Amino acid sequence: MIVGLALLIGFVVADYYIFRSIFRMLFEDMDDFFECVKFDFQPDLFSFFKGELKRDWGAEFRLGTFFFLCGAIVFVEFLILRGSFL
């Protein structure tokens with residue numbers, strides 16, 4: 001139980017740095033991130049008529065990749081912790 005708690009705390013600290021490095025690989029700054037969020041909520045049809053469809057798809061891909069990688073890391077950590085609690 002103590003080993004699992006120590007692993008959990010270590011994962012939380014490591015996640016901060018891992019997620020931050022993934023963020024820096026995919027986005028230039030917070031403004032770029034929020035622009036990707038804006039494109040994610042904006043329908044593709046609006047982007048098509050504005051002439052920004054390719055940019056919209058690229059922004060949505062970067063945002064989806066970021067959330068997928070972070071989720072995959074958390075899932076792997078969950079599997080590791082699940083094994084240590086048994």
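Begin by selecting Cys36: with a relative accessible area of 0%, this residue is buried (buried means under 20% relative accessible area, exposed over 50%, and partly exposed in between, with a 1.4 Å probe and protein chains only). The model is predicted, so local features need pLDDT of at least 70 and side-chain atom pairs count only at pLDDT 80 or more, while totals for chains, interfaces and linings use all residues. Residues are numbered from 1 along each chain as its sequence is written, and side-chain values use heavy atoms, with hydrogens and water left out.

Now extend the selection to Ile22, Phe23, Leu26, Phe27, Phe33, Cys36, Phe39, Ala59, Leu63, Phe66 and Cys70, the eleven residues of the largest nonpolar core. Such a core is a set of buried Ala, Val, Leu, Ile, Met, Phe, Trp, Tyr and Cys residues joined through side-chain atoms within 4.5 Å. Helices α1 (2–26), α2 (30–41) and α4 (53–85) each supply at least two of its residues; helices (H or I, at least four residues) and strands (E, at least two) are DSSP runs, numbered from the N terminus. The largest share, four residues, comes from α4.

Which residues is Ala59 in contact with, leaving aside its neighbours within four places in sequence? They are Cys36 and Phe39, where contact means heavy atoms within 4.5 Å.

The structure holds three salt bridges, each defined as a side-chain nitrogen of Lys or Arg within 4 Å of a carboxyl oxygen of Asp or Glu.

- Select Arg62 and Asp32, whose closest N and O atoms are 2.9 Å apart. This pair links helix α4 with helix α2 across 30 residues. Arg62 is partly exposed at 24%, whereas Asp32 is buried at 9%.
- Select Glu35 and Arg55, which meet at 2.1 Å, N to O. Glu35 lies in helix α2 and Arg55 in helix α4, so the pair ties together parts 20 residues apart in sequence.
- Select Glu52, which meets Arg55 at 3.7 Å, N to O.

Finally, display Glu35, Glu52 and Arg55 together: salt bridges that share partners join them into one network. Glu35 is partly exposed at 26%, as are Arg55 at 46% and Glu52 at 21%.
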